[in-house]
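Dear colleague,

Please find below the structure that I am handing over to you. My notes on it follow directly after.

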Amino acid sequence: MQLEPAVREFVEAGRAERMAHLDVGGQRHYMRLLIDLNFLRFSRTGPDVHTVTDHGVTVDGGEIRCRVYRPGDHSRLPAHVALHGGGWWQGSIDDLICDAICRQRCAEANVVVVAVDYRLAPEHPFPTPLDDAYAAYAWVAEHADSLGVDANNISIGGSSAGGNLAAALAIKLRDAGDQPRPVLQLLEVPALDLTLATARRAAATTDGQDMGDELDEAVRRYLADLRSARLALVSPLLADDLRDLPAAVIFTAEYDPLRHEGEQYAARLQEAGVSARVSRHRGALHGTAMLTRTWPPAADWQHEAADVLRAAHRPSGRDIAQPTVPATMGHAWTGR
């Protein structure tokens, strides 16, 4: 891998000791502190937005929080339901990186962003995080008037584990058929094959980031039964039927072992008649999109994401499979 100095610095700063003496809650707290510290070191805070409010959303077995970022006081604004990353066992809407991204996309895309604080594994394994995402989407659609959003103009998205949940949510919404159809799924470095077969093949045949142990641990925490890894709602790449899904834009990182499954998923969506494209970001690793202060391509990544949302929610007749951003921001890839 030919990593730029700013990326190498981030990799070194992010090396975490294995906190085997801590329970899951302690490990989660440690990782949140580390990620927030790295955010303060490498990232820019998000811009001011009109309002930020927390709402309780009833789910089976309890309640979750949804944090709503509004760009203004207009009614019938587009909405974007955002699912944070963290390997299904860590991460929160309280993370500094989550807040910064939600603010930036709210302001730049002029959309209401709804960040979902879904429950985490292993205390709440599959399907609970996905069910929480579904409940949050349904809550946005049901309360569209009071939230000032257009129920027929909602997108979904997420990064890493959040990208997995967003892709699975698109399938779940299609199959349920009882909610408005999302206008877009924005999937960033998504994990789409939880058998890990695709990631292992990529690691064995390409020069890239080593995430094998991390992925294995995350999957084992998310899935109470590893045999469920082949289910469509766990591994969307392995789904038999991808027809009639929302248009998709998939951001991949050049040296990320998950890059291959993201790009394969786009190809499978296209084969199923779904408008889809990939933006492959050169020199990037899994996680480097947060380096918005120290590495200019990370800022480009975030601006590109806002451009994608703006175009999807305010279409001008352009197919989503055609790039709407300058090539310098990301490499558009539409083949296999």
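Leaving out its neighbours within four places in sequence, Arg221 is in contact (heavy atoms within 4.5 Å) with Val24, Gln27, Trp89, Ala121, Pro122 and Pro125. Before I continue, please note that this is a predicted model, in which local features need pLDDT of at least 70, side-chain atom pairs count only at pLDDT 80 or more, and totals for chains, interfaces and linings use all residues. Residues are numbered from 1 along each chain as its sequence is written, and side-chain values use heavy atoms, with hydrogens and water left out.

Charges over rings

Arg221 is found in helix α8; helices are DSSP runs of H or I with at least four residues, strands are runs of E with at least two, and both are numbered from the N terminus. With 14% relative accessibility, Arg221 counts as buried, where buried means under 20% relative accessible area, exposed over 50% and partly exposed in between (1.4 Å probe, protein chains only). Arg221 also lies over the face of Trp89, 4.1 Å from the ring centre. The criterion here is that NZ of Lys or CZ of Arg is within 6 Å of the ring centre and within 35 degrees of the ring normal.

Lys172 belongs to helix α6 (residues 161-176) and is partly exposed, with a relative accessible area of 22%. Not counting residues up to four places away in sequence, Lys172 touches Leu130, Asp131, Tyr134 and Leu233.

Aromatic pairs

Rings of Phe, Tyr and Trp (its six-membered ring) pair if their centres lie within 6.5 Å; planes under 30 degrees apart count as stacked, over 60 as edge-to-face and the rest as tilted. By this rule there are four aromatic pairs. In one of them, the ring centres of Phe10 and Phe42 are 5.6 Å apart and the planes stand at 85 degrees, so the pair is edge-to-face. Because Phe10 lies in helix α1 (residues 5-13) and Phe42 in helix α2 (residues 24-42), this pair ties together parts that are 32 residues apart in sequence. Both Phe10 and Phe42 are buried.

Phe126 and Tyr222 also form an edge-to-face pair, because their ring centres are 5.9 Å apart and their planes are at 75 degrees. This pair links distant parts of the chain, 96 residues apart: Phe126 is in the loop between β4 (112-117) and α4 (128-142), and Tyr222 is in helix α8 (residues 212-222). Trp88, Phe126 and Tyr222 form one aromatic cluster.

Cysteines

How many disulfides are there? The count is zero, a disulfide being a pair of cysteine sulfur atoms within 2.5 Å. The sulfur of Cys98 is 4.2 Å from the closest cysteine sulfur, in Cys102, which is too far for a bond. For Cys106 the closest cysteine sulfur is also in Cys102, at 8.7 Å, again too far for a bond.

Strand β3

Seven of the seven residues of strand β3 (residues 77-83) are buried. Strands pair if DSSP finds at least two bridges between them. Six bridges join β3 to strand β5 (residues 149-159), and the two run parallel; His80 stands opposite Ser155 in β5. Five bridges join β3 to β4, also parallel, with Val81 opposite Val114 in β4.

Yours sincerely
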